[in-house]
Amino acid sequence: MESESESGAAADTPLETLSFHGDEEIIEVVELDPGPPDPADDLAQEMEDVDFEEEEEEEGNEEGWVLEPQEGVVGSMEGPDDSEVTFALHSASVFCVSLDPKTNTLAVTGGEDDKAFVWRLSDGELLFECAGHKDSVTCAGFSHDSTLVATGDMSGLLKVWQVDTKEEVWSFEAGDLEWMEWHPRAPVLLAGTADGNTWMWKVPNGDCKTFQGPNCPATCGRVLPDGKRAVVGYEDGTIRIWDLKQGNAIYVLKGTEGHQGPLTCVATNQDGSLILTGSVDCQAKLVSATTGKVVGVFRPETVASQPNLGEGEESESNSVESLGFCSVMPLAAVGYLDGTLAIYDLSTQTLRHQCQHQSGIVQLLWEAGTAVVYTCSLDGIVRLWDARTGRLLTDYRGHTAEILDFALSKDASLVVTTSGDHKAKVFCVQRPDR
């Protein structure tokens, strides 16, 4: 552990309007029910001066794009296309996708073609292009109330658009971008850059705070559910839990407590009491957000060697690529580059199931309210797994290249994928056990 003074503190830039009421006690909610209102709701109240008029979305669009589902798929992964809608306006690999959290009717995608688009899930119709990027768009997401959408490219140019008016309302040039995330309750955007900084802006007025990490990239980050803290992982294997109001690192995990390689991903459980971190060192670490202590370490056990890792990957390489917590059982899922999906029992800290893919896992997502975990992988397939039994429930195909990102609607009726085949696809999830 490192003391507060040793861990670095936020820059002096004032951000009074982002005050979190530090004199109110944070109550850890252990039960899965929402419980009483969280004190962090005050943050949203303090930002009521940022008024975003809600207007009816215009039907149709001026460019008249109507994209039909594609039936005949050709390419290196030729086969059936299970998708309902295909969005085909990107001209290169599509790196990221996010759904609007309020209605789950809109998607934003960003790609290697330096473009980002907001489009409708029901028919693939374009609403507007997020224009002006000069590098690959690797991050995109909607604000908590779906009124704003942010896009970020590799060079560090971030832009925010008002969804109903389709107008750009804010932009900023930071360092090379590693990750970007909206605050869960307020119009506040966070991002990590290659210089080790984590940035926090109030949008659209641009009030800014920076949280200075080590002199290496801030490779991943997540705002905790209380809205008062964020956990950030770095290329040097360290982990910092930041106080977003005070600007200081509450806990720093390094050395044996940190990872032995760059962090790749981080997740929190529903009440924010536990953090799970993943790294290229193939370890997933379970950390108490309350004490900053490592309370569990998960390592791959008998992981089969998978030669079919995709072009450019070495067969002996492996790393943690994605992870997450189940919301209804004490389970965590860890996805590895070698194609292994490991389901761990948190109460006993033992491996419960090991589910093998034919190629590397890119991302995993738990379905809310169930023990079903979704994976997407380099073979272009989405798979649904029952974490209680380790059984494959179903899979969805249609891409002719690797899947690079995916998103799941709140009711788990839709999966939206992006791929190296220049397409985004919408799949309707049908499960007999529901």
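His422 sits in the loop that runs between strand 31 (414-419) and strand 32 (424-428); strands here are DSSP E runs of at least two residues, and helices H or I runs of at least four, numbered from the N terminus. A quick note on the ground rules: this is a predicted model, where local features need pLDDT of at least 70, side-chain atom pairs count only at pLDDT 80 or more, and totals for chains, interfaces and linings use all residues. Residues are numbered from 1 along each chain as its sequence is written, and side-chain values use heavy atoms, with hydrogens and water left out.

At 32% relative accessibility, His422 is partly exposed (buried means under 20% relative accessible area, exposed over 50%, partly exposed in between, with a 1.4 Å probe and protein chains only). Lys166 is another non-glycine with a positive phi, about 65°. You'll find Lys166 in the loop between strand 8 (157-162) and strand 9 (167-173), and with 26% relative accessibility it counts as partly exposed. For background, most residues other than glycine have a negative phi, and most peptide bonds are trans.

## A cis proline

Speaking of peptide bonds, the one from Val203 to Pro204 is cis, with omega near 10°. Pro204 belongs to the loop between strand 12 (197-202) and strand 13 (208-212).

## Aromatic pairs

The whole structure has 11 aromatic pairs, meaning Phe, Tyr or Trp rings (the six-membered one for Trp) with centres within 6.5 Å; planes under 30 degrees apart are stacked, over 60 edge-to-face and the rest tilted. Phe298 and Tyr344 are stacked, at 4.5 Å centre to centre and 25° between planes. Phe298 is in strand 21 (residues 294-298) and Tyr344 in strand 24 (residues 340-345), so this pair ties together parts 46 residues apart in sequence. Both Phe298 and Tyr344 are buried.

Tyr396 and Phe427 make a tilted pair, with ring centres 6.1 Å apart and planes at 55°. Tyr396 is in strand 29 (residues 391-396) and Phe427 in strand 32, 31 residues apart; Tyr396 and Phe427 are buried. Elsewhere, ring pairs link Trp170, Phe172, Trp199 and Trp201 into a cluster.

## An enclosed hairpin

Of the 6 residues in strand 22 (residues 320-325), 5 are buried, so the strand is largely enclosed by the rest of the structure. Strand 22 runs antiparallel to strand 23 (residues 331-336), with 5 bridges joining them; pairing takes at least two DSSP bridges. A hairpin of 5 residues connects strand 22 to strand 23, and Gly324 stands opposite Ala333 in strand 23.
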